[in-house]
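Please look through the model below before reading on. The notes are meant to be read with the structure open.

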Amino acid sequence: MSHAEDRGETRTDELVSDLLDGKHRALARAITKIENRSPGYRELVSRLHAHTGDADVIGITGSPGAGKSTLVDKLAKAYREEGLTVGVIAVDPSSPYTGGAVLGDRIRMASNVGDMDVFFRSMSARGQLGGLSTATSDAVKALDAFGKDKILVETVGAGQNEVDVVRTADTVTVLVQPGSGDDVQMLKAGILEIGDVFVVNKADMDGVNRTVAELEEMIHLRDNPGATLDSGHRGAGHHGVDAGLPDDVSGHGGADGSANGERGHGDGADGDGESDGADSAEWEPAVVETVATSGDGVDELVETLAAHADYLAESGMREEKARSRYAEEIRQLLRNDANALLKEELDRRGGAESLAEAVAARETDPYAVADEVFEPLRDCVESKREGE
Amino acid sequence: MSADAERGQQQRTVRCLIAKVGLDGHDRGAHVIARAFRDAGFEVVYSGLHRAPEEIVQAAVQEDVDVLGISILSGAHNTLVPKIIDGLKEYDAFEDTLILVGGIVPDEDRPKLKEMGVSEVFGPGTPMKETIEFVRNNAPRRD
């Protein structure tokens, strides 16, 4: 082992112990390391894993300007008033051209000024399209290991299919604005399928009743046994989640698991129409009205989120969700590793651009190039396997 | 393939906090800087207006920024900047944060700010390119 590696290991040791000791700087530094995929970040996350699993992770998603950041601020404040500690990760989009980003969610965090027990971290999506960055779930682990009771994950302003948050959060909250009736229609196949709790924010605006009614109708349609029990509905759910994972090249087991789980609560619910699903076997998504700027409805939202957390604990869904999350994480890590290996091989052959030139000149074609680049890797794996 | 994967596993991005501190309500300059930094490929956290020094410290520590750009047009730099620097020291965040001040700062105040630990002061009319180059060349390298 080189000296550099030696030093790296000591630094990781120190970082982990400082983080577990509750040092804010160490937590901040750990998240940076995770975000940058710096040398040693894997070791870091592995070491933190044993200390995770205690926090409630709440995802907040919804279209840009729906009030996600403001609501996160008010939720954080409500949890602090209960004496709980809070971690927030707020993701904003990155430029597809320069990779740069303006991270503006922090501006809304007015209620928790000077309170270091609300640890707020802005993250850029760094080119990811699912509404979260690749590093988000690892950063959640760092907050969890640090000992945060509640972790709020705010996604990029979402359109239809930014559904990655399902794979990071225990409870998914979808924000909808009143008067977005047409949007509601449009969104139906995407993010509206992943909500455990729906929040109609800006409930002081016109059109709130209609939006609430539309959401409730959508939820009840989910619960209509004739329409939902069999593969039709599950199929739709599966498809919805799949479509959000464009680079998911492996089997979709993990996504399936969570998608079916989501559907599972809806299916067969007996339509009691109550938002309190904690006592029943199935969770029926609740609709809550809030005015995030004034804090109206936030208490009710906190109660609903707590009811969902109870439901997850009592039904065993919490563990089930965690398992499918880890399965997906394993796949994701393997994909990244395989991608890195492929990139190395591609660079060794002069990079994709130079190979593309030959393709453009009709000397070869993309499939032939891909086969050629991939062949040594495949051969290597096959001969290893035979040797076993 | 995602942009992530194309850039390989390790990705180091310059993170900046653009902070408006104190009572002045003019943030056009801060917006322009934030936008220019974004276009330079940096990740920019914007604090919003009227922040207290403690809030800036909290943000700089939690966001673990490489660069803290403090915009002050009110003339209160001699009271506000030391408070921020003391706060950063308290959280061990002073040593590896590049601190810049932008805005209206009289020439005679500049040496004192630099003595405190401000790396550079950029007055009105500084070409954006110059500021970006300065950040590129001076942002602390860490891993």
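This is a predicted model: local features need pLDDT of at least 70, side-chain atom pairs count only at pLDDT 80 or more; totals for chains, interfaces and linings use all residues.

1. Local features are described here where pLDDT is at least 70, and side-chain atom pairs where it is 80 or more.

2. Extent of the contact between the chains. Chain A puts 42 residues into the contact, and chain B puts in 41 residues. The area buried between chain A and chain B comes to about 3600 Å². Carbon and sulfur atoms give 47% of that area. On the side of chain A, the residues that lose the most area to chain B are A:Arg25, A:Arg106 and A:Arg126, which together make up 20% of what that side buries.

3. How many salt bridges does the rule find across the interface of chain A and chain B? There are eight. In one salt bridge the side chain of A:Arg25 meets that of B:Asp64, with 3.3 Å from N to O. A:Arg25 is also among the three chain A residues that lose the most area to chain B. For polar contacts, the rule finds 23 residue pairs across this interface, with both residues at pLDDT 80 or more.

4. Elements of chain A that touch chain B. At least two residues each come from helix 2 (24-36), strand 3 (101-103), strand 4 (118-124) and helix 12 (317-348) of chain A. Which of the elements of chain A gives the most to the side that touches chain B? Helix 2 of chain A does, with eight residues.

5. Strand 4 of chain B, burial. This strand covers residues 98-103, and six of its six residues are buried. One side carries B:Leu98, B:Leu100 and B:Gly102, and the other carries B:Ile99, B:Val101 and B:Gly103; both faces are covered. In a regular strand the side chains alternate between the two faces of the sheet.

6. Strand 4 of chain B, neighbours. Strand 3 (residues 67-72) of chain B runs parallel to strand 4 of chain B and is joined to it by six bridges. Within this pairing, B:Val67 has B:Leu98 as its bridge partner. Helix 5 (residues 110-116) of chain B belongs with strand 4 and strand 5 of chain B to a right-handed β-α-β unit.

7. Strand 6 of chain A. Residues 171-176 form this strand, and six of its six residues are buried. A:Thr171, A:Thr173 and A:Leu175 lie on one side, with A:Val172, A:Val174 and A:Val176 on the other, and both faces are covered. Five bridges link strand 6 of chain A to strand 1 (residues 56-62) of chain A in a parallel arrangement, and A:Gly59 stands opposite A:Val172. Strand 7 (residues 197-200) of chain A is likewise parallel to strand 6 of chain A, with four bridges between them. In strand 7 of chain A, A:Phe198 is the bridge partner of A:Val174.

8. A:Thr173 in detail. Why does A:Thr173 count as buried? Its relative accessibility is 1%, and buried means under 20%. A:Thr173 is found in strand 6 of chain A. Leaving out residues up to four places away in sequence, A:Thr173 touches A:Ile58, A:Gly59, A:Ile60, A:Thr61, A:Val197, A:Val199 and A:Leu305. A:Thr70 is 103 residues from A:Thr173 along the chain, and their C-alpha atoms are separated by 14 Å.

9. Two loop residues with positive phi. Most residues other than glycine have a negative phi. A:Lys202 has a positive phi, near 60°. A:Lys202 lies in the loop between strand 7 and helix 7 (208-223) of chain A and is partly exposed, with a relative accessible area of 25%. For B:His50, phi is also positive and near 60°. The loop that holds B:His50 runs between strand 2 (43-46) and helix 3 (53-63) of chain B. B:His50 counts as partly exposed, at 44% relative accessibility.

Notes:
Residues are numbered from 1 along each chain as its sequence is written. Chains are lettered from A and ligands numbered from 1 in the order in which they are written. Side-chain values use heavy atoms; hydrogens and water are left out. Buried means under 20% relative accessible area, exposed over 50%, partly exposed in between (1.4 Å probe, protein chains only). Two strands pair if DSSP finds at least two bridges between them. A crossover is right-handed if, with the strands pointing away from the viewer, the path from the first strand over the helix to the second runs clockwise. Contact means heavy atoms within 4.5 Å. Buried area is the accessible area (1.4 Å probe) that two parts lose on being put together, summed over both. A salt bridge is a side-chain nitrogen of Lys or Arg within 4 Å of a carboxyl oxygen of Asp or Glu. A polar contact is a pair of N or O atoms within 3.5 Å; within protein, one must be able to donate a hydrogen and the other to accept it, and residues adjacent in sequence count only if both atoms are side-chain atoms.
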